[in-house]
Each structure stands twice: as C-alpha cells, then as structure tokens.
Amino acid sequence: MTQPLPLFARNQVIVAIWGLVCVLVLSVATGVSSLLWNQRQAELAEQAQQLARIAAGAEVGVNRTLLALDVLLATTEELLGQPLAAGAGSAISEPMADRLLAAVARQSLNVRHVALLDASGRPLASSSAATGRLVDDPPPDFVARALAQRVPTLLIGEPLLAPRSAERVIYLARPVLLPGGQRLLAVAQVPLEALAAVLLQGIGATPIELTLERASGELLLGLATAQGLSDAARASGPPLSDLWEQAANGWHGQTRLRGVPGQVAGRALMYGDLWVTASLAQSEVLRDWQQQVWLVGGAALLLALTLVISGGLAASHIARMQRARAEVAQSKALLDQALASMVSGFVLLDAQHRVVQWNPRFEEFFPWLASVIQPGVSFRQVLEATVHYHLPGASAEEKREWVRLRMRRQVQPQGTLEQRLPSGRSVQITERMTPDGGLVIVYHDVTELRQAAAEIELLAFYDPLTGLPNRRLLLRRIDEACAATERSGEHGALLFIDLDRFKTLNDTLGHEMGDLLLQQVGHRLQAGVRSGDVVARLGGDEFVVALLHLPPDLALATEQARTVAGQILGLLARPYTLGEQIHHSSASVGVTLFSQNSQAALEILKQADIAMYEAKAQHGNVLRFYDPAMQTVLHQRASLLADLKQALPLQQFRLHLQPQFDAHGRLLGAEALLRWQHPERGLVPPGLFIPVAEDSDLILAIGQWVLVSACELLVRWQADARLARLHLSVNVSARQFRQADFPALVGQCLEASGARAQRLELELTETLVLEDVNDTIAKMHQLRARGVRFALDDFGTGYSSLAYLTRLPLHRLKIDRSFVQQLGESPSDDVVVQTILGMARNLDLEVVAEGVETPRQHAFLQAHRCAIYQGYLFARPMPIEEFETLARGQGEADAASVSFSI
Ligand code: C2E
Ligand code: MG
Ligand code: MG
C-alpha cells in the first residue's frame, strides 16, 4: 500500500525548488551585475583614454596654433625691423608696415588682423590699415598688461565681442623689442571660431565638452558637441591647477562646461597657464553601457522570469502530482477500508492465478489459510491447503480431483458455486474475469438466505400452527396420488373434516384455546391414519385426510374409507383438555373416492367439501359420501343466494303474520314469518332461503329489516285500541343474535320507532341458546331489562338438558311442530308434550303449541292445559292487512262479549 507523502516532505520539495530558483536567479543577477560592472569599468576606462587622447590632440593643436601665432607676433619685429628702423621716430603707420603686417596676417588663417602698438598703446601699424578695414582696438588694460610684462611672453587676453565685426575674438599680444630698444607690442586678433576649429580637430562626433581655459578656471573658449556643435560659455570653473596630478589620466568630476557629473581630461598648454580640457558627461560616458545594461538586464530579467516561471510550474506540477498521488493513496486507502469492511470475502488473482489481494472477511471464512495466503502464492496452493478442511475424510486422490475440478472452473468461470464450510455455513462463490485476464473471486455468506429459503419453503407448504402440510402441498400430494392410482389401479379417498361449532369455541374461550384444539385435532388425525396417508390443514377448522392405497375394488375401498372416517369422527368426538378445561367437540366429515378416472386434485377436494357441507347440514358429527346430486343442490343454492342479495334492495320481502290464540280462542298476537316475493320463484317460504341467508352475512341485514318492520307494525297497532294489546313474535337467527351489539340494535329499533318493548317477543331456537349459553343469557337479560320478552322456539328438538331453562329469562316455550303433529299417534311424543307442559308450569312459563292442525291435537293440548295455540287449525300465516282485519273483528267480538258478560 502506498503511503501518502507527509505534508512537510511535500513542502520540502517545493521549498527546494524555490531555493534552486532563487540561487539561479541570484547567480544570473550576480553574473549579469559583475559583467555589467566590468563593462562599465571598461567603458569608463576607454572613455577616459579617449578623453585623454582628445585632450592631448587639442593640446597639440592649440599649442601649435599659439606657437604659430607667437612666432608670427614675434617675427613682426624682424619683418618690421627695417621699415621701423628706417622711420625710427617717424610715424609707424607707415603704409609699408601695414602691408607687411597684412602679409603676416594672411600667413595665418587663424588671425583676423595683426597690429603693432607702441609703448603707449598707440597703433604703429596694422594689417587692417592696408586693407582699409576698420578694426577694433585691443582693450587698453590688455595692452597695458602686455606692455607691463617684464619678460616678454605671449599674453593671451580674455575673449570678447568685437563691436565692429560683431565677432567673438581673443587678443594675443607679445612685446617686441626693437633693435633700438624701443618696446612695441605685437597684437593679433584671433577669432574664437578659429581656435574652436583647432580644438575640434579630429574629435569626430563624440558628444564632449572642450574648453580652453586658464588654470584658474577662467574660461576662454568652451565647446559642447552634445547637441551639435555650439560655443558654450560659463563664468568660471574650479581651478585646474589643483587637478594637475590627475590631469594626465583624466578624472571624475564635474564637466567643465555644464558642470554635470562626468569624466574630465585636461592638458596644460605651454603658454601661460592655459589648459585645454575635454569632458564627457557621465550619461554620455555610459550611454553604450546603459544600452547594454538594458539589453543584458532585459535578457537577465527574462532569464530570471523564465526561471521563476519554470520553478512555479515545476512546483505546481509537483504539488499536482503529489495531490494526485495523495488522492490515489487516499482512494487506495478507502478501497482497502471498503474491502476490509466488505461483508463478502474477496480474493483477487492475477492472470497466472496468483494471489494479488484479499480481504479480512476471506480470512474469517477460511481461518486455516491465514498462514498460507500471501501475495504471489498460486491459488492452487490455496486450494490444496483448504481441501483438507472441506473433505476431511477424503482420500488423497479425491482431494486432488477436487482441486483439479475447482481449478478447471476458474479457466472458464461461469455462474456461481456454493460451498458448505466445515463450520456449517454456506458460502456462495462468484468468479469474474478481470480485463487483464485475472480473476475476482467473491465469497458471499448465504447461510441466512438458505435458512430463510428453507423457512419460506416450510411456510409455503406447511401450516405453521399444526406443522401439517397446507393446501398447496395437499393438492400436490393428491395429484401425485392420482398419478400413482393410475399405475396401481388402486383407489384413494379424501376426507374433508370440519370441526362443529369451532367458531363458538374461538369466540368464547379465545383464539389460544382454539389453536390448542386445532393442534390436538392435528395430532389425533395423524395418529388415526396410516403413515402413507396424508393429513393436511386447509385453514381455520378445516382438515383433510387423504387415504392412499385403498383396494382397487370400489365397494371395498368405500367400506374402508367409511371405516376410517367413522374412526376419525370417534377420535375427534373424544373430550379435549384445553388448559384446565375439558372441551367437547365433534366434526362433520365429507368423503369422496378417487381413482385413475378422477379429475384434478382441486375437483376432488371440492367434492369432499360438498359432502362435508351436507354432513354439516345434518348438524354435525356425521359423515357423508359425495353424491353428484349434492352438486346440483349446491348450484341451486348459489343461484338462490345471488337472487337473495337483490331481495332487500328490490323490496321483495313481505311479513306474514300467523295468529296465536289462548285456550278460549282469543287472539293474543302473532308470529311474524318472513316471505320472499320473487318475480320468477313466486312466494318463497323462509325454510328455503333463511338457511342460505344464514350461511352468509345476508341474514344480518334481513333480520334487521324484520325487526324494524315488526316495530313499525307495533307502533301502528298502538294507535288502534283493538290491536294495541296484541304482541308480535319475531324469529331471530343465531348469527343475528351472536352480534355483539344485538341488544343495542334491538334497543335502537324500539327507540327509533317508539314501539312498546313489552309487545315485542323474540323467538330464539334451542340450538341457538345452547351454542353459547352464557352469552345468550347476558344478552337476554339486557333486553329483558328493557321489557322485551323471549320465547324458546322449536322446543324439544335440542335433546338437551332442561336445567338451563331455569337460568334463561324466558317467557314462553314453543313446543316444536314435530311433537304436536304426532300427538295421539306416538305415545312417546305424548309423553314429551305432557312433560314439557308440566315442567313449564313448574317454571311458570307459558307454552305455545305450534303446528296444531287437527281438533284432536287441540283437544289433547287443551286436556293438558296448554295455554297458547298456533296452527293451521286456527289460521295460516297471512298478509298483515288480513291479520289486522281478523284482529279488529275479534276485538269487536271480545268487546261485545265483555259487555255481554257484564
Ligand atoms: P318457526 O319459527 O318454527 O315458524 C313456524 C313455522 O310453522 C312457519 O313456517 C309456519 O308457517 C309453520 N306452521 C304454523 N302452523 C303450522 C301447521 O299447522 N302445520 C304446518 N305444517 N306448519 C305450520 P314458515 O313460515 O315456513 O317458517 C319456517 C321457519 O322459518 C320458521 O320456523 C322460522 O324458523 C323461520 N323463519 C320464518 N320467518 C323468519 C324470520 O323472520 N327470521 C328468521 N330468522 N327465521 C324465520
Ligand atoms: Mg318461530
Ligand atoms: Mg317453531
């Protein structure tokens, strides 16, 4: 793993780069500076030499000129000696002398004119006299100074502007001693222009300043060639005599004319204390050098800039590289971390199937490989090290084969491979080729997945409560059994088992008890069949037993199936211990046989279900064999149900009333009996549709409709004195009564209509009451408290103990029609009816005999003091209006009889 470069190390590299750049820039600066300095020095030296040369040249030129002038002035005596000697004492302005002087003056280009003055300064002869030109006289003080010299030397005067020629000139004078001892003065007027030309000889275009001055600094002639040749003047400069020492090589100081810093070279002339100087302003001296400074400096700056930029680029490049490396390192670290925290194991192999990398999870899967695995190890070695753990008991050959097969898979990896580790865990291995021909092997722990799959399988095919096969597995098994019967010619039987009144148990004792019962039923069923048979739970309280391998003979097979089904009924009817309670239960069993000719499993199951339904209709604890006619009944039932659903919305229900009379034939009230007026079916009696409605929730809405209609009827009767005393009985079905809010519903009906509760009688059947006695009693008491009265309908059919009667807040018992109709014919029924009547009397209950059809039955009942009568003998159920007419008629008759009796 590559470690990222530490921060200070990264900075060091960048500092080193910048250090190098600084050193290089400094070197360049130093080199360039010293080069320029040397050049400057050389330039200065060269310029000094040049100045010295110029000064020397000027010195020579001026010396020569002055010497020539000096000679010229000095020789005037020789020239003029004769005339002057001849005319001694006579006037010197002798024309000849003038001509001679003119000739002398013409000898020198530098002289404007020459004159000869006497000791008092008067002109004796003049070159201009010959030409007739007017000339300016030399200044008298100059003349006086010249004449006053003890040793005759050439005196050079101050430059001045000649008024007549308007020319700047200078006078030179030399005393001339005539042979006669006469002291004269030869004076020459020299235009400064001529001297300037001498000074400038051979200096070319160099921009220098040239001066001709006295040692005292007094300027005689100044020339500056800087901006073209010009005559420059200044008051006076520093004395030159002080600089004598340096003069030979020139010196640094101020230029002699402009006084700016520069280089100066001076030469003392051989006349008097005259000097010529050449000076060059520093700016001029170093002009070339400065250009070089710009050039070289510019180049150096460029180089330095290039170095700095290169350094910057290099530094930024290195910084970028380091950043990139840091990022790569970080990514790598992240990858390592990700690999380390992967839930799956991972091994990376190179193209030669050598280990490159793996993660900790891999080692967790295969801890024994910790000492084997390392980068570069061939995967075969890894496999060889692991095979001992995978196939501990295998022979060496088997192990070799395992490794060989495993290696062969890697040549062409495809799909996944699953391995079971010695720890019992399952690992799914996925191999993928990498682009460079290597291999990525991922080990994924699928133990939980496999366990979940097994659990799902269990859930998918087995009932979690009883552990029995569920409907899906059952259907599969039936299909298999059908296929088997096809081969063997044997029969099979399907027993559809439904527990009776299971819902009541669930509702009263709770679901936990219900579950306990179902589990025990499951155990009993499994114990009651052969091992090859199948016991399944479809859901709820429905179980199925598939009996396989019944004889090929149908009669025998049927008999065996009946026997087993009977045994199962017996088994299931035995008492159960649920917690601390003993519970009695029973079951309804539907049986169907199947063989090679049978239809699909679903159809077989449906047949058994239909048979069970029939058994259920027999109030349970019975078994029924499937009969195709059952199916027809079922179809009819389905169509009836479909029509029934429409009956309420289409207002097809009617109430018929069957009158009830006392022993004296007085009308006491009526029982409301429901009729269904169907457009095609006609007037359908309740016996046909009430059971169907009771199988679905339809009965709730229908029952409610009857209750509401009855209450409304009672309200109507309340308004009529002849009807107001009559009571109305309403039949209540078990499902309706079992609604938790049934008492409240009845209460609402009474309140909403305003009917008097005392006139309402609810008929509960004996089976309804027996289903859940405690719930029944509770609800009856609630309603009884309101004033509602109760009759026990169809009494005598339940065959159960009469003891509970004392606990019920009953008002009446209705002896079932079946007993009444046998009166006088079946002695046992006579006894039953007598017993009922006697017992009811003891319990202070009224008895209604229903279904009284014959006077004989009537007589029997009357003989045994039955109080109330209902039956065709007196009146059939009739429409409400008819009943009301009857009741009104009776009411009037009663009133008449009462008035009569009074
Ligand atoms: P149930 O409550 O026992 O009603 C008496 C049945 O006996 C009525 O039959 C009635 O017509 C019939 N009956 C009365 N006197 C005689 C007689 O002398 N001879 C014969 N053979 N029959 C007689 P119905 O109206 O067909 O009703 C049958 C059953 O339908 C009723 O038996 C009752 O259990 C149920 N039922 C009728 N109306 C309703 C209702 O509104 N709600 C509920 N839940 N059940 C009802
Ligand atoms: Mg009834
Ligand atoms: Mg009845």
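At what angle do the axes of helix α14 and helix α18 cross, and within what distance do they come? Keep that in mind as we start. One caution: this is a predicted model.

Now the numbers. Helix α14 covers residues 471-488, and helix α18 covers residues 601-617. Their axes cross at roughly 105 degrees and come within 9 Å. Angles of 65 to 115 degrees count as roughly perpendicular, so α14 and α18 are roughly perpendicular to each other. Who touches whom? From α14 we have R471, L474, L475, I478, D479 and C482. They meet A601, L602, I604 and L605 in α18. By class, that contact has 8 nonpolar residues, 2 charged and no polar ones.

Stay with α18. It also packs against helix α19, residues 628-647. Here the angle is about 80 degrees, and the axes are 10 Å apart. That makes α18 roughly perpendicular to α19. On the α18 side, the contact uses E603, K606, I610, A611, Y613 and E614. On the α19 side, look for M630, Q631, L634 and R637.

Next, ligand 1. There are 22 residues around it, and E671, D793, R817, E853 and Y872 come nearest. The side chain of D793 has an N or O atom 2.8 Å from a ligand oxygen. E853 puts a polar side-chain atom 2.3 Å from a ligand nitrogen. Y872 uses a polar backbone atom, 2.7 Å from a ligand oxygen. On its own, ligand 1 has 790 Å² of accessible area, and the protein covers 85% of that.

Last, the shell around ligand 1. β26 gives the most, with 4 residues. By class, the shell has 8 nonpolar, 6 polar and 8 charged residues.

Key. Residues are numbered from 1 along each chain as its sequence is written. Chains are lettered from A and ligands numbered from 1 in the order in which they are written. This is a predicted model: local features need pLDDT of at least 70, side-chain atom pairs count only at pLDDT 80 or more; totals for chains, interfaces and linings use all residues. Side-chain values use heavy atoms; hydrogens and water are left out. Axes are lines fitted to C-alpha atoms, for helices over the stretch in contact, and angles run from 0 to 180 degrees between N-to-C directions. Helices (H or I, at least four residues) and strands (E, at least two) are DSSP runs, numbered from the N terminus. Angles under 35 degrees count as roughly parallel, over 145 as roughly antiparallel, 65 to 115 as roughly perpendicular and the rest as oblique. Contact means heavy atoms within 4.5 Å. Ala, Val, Leu, Ile, Met, Phe, Trp, Tyr, Cys and Pro count as nonpolar, Asp, Glu, Lys and Arg as charged, and the others, Gly among them, as polar. A residue is near a molecule or strand if one of its heavy atoms lies within 4 Å of it. A polar contact is a pair of N or O atoms within 3.5 Å; within protein, one must be able to donate a hydrogen and the other to accept it, and residues adjacent in sequence count only if both atoms are side-chain atoms. Accessible areas come from the Shrake-Rupley method with a 1.4 Å probe; for residues, only the protein chains shown count as cover.
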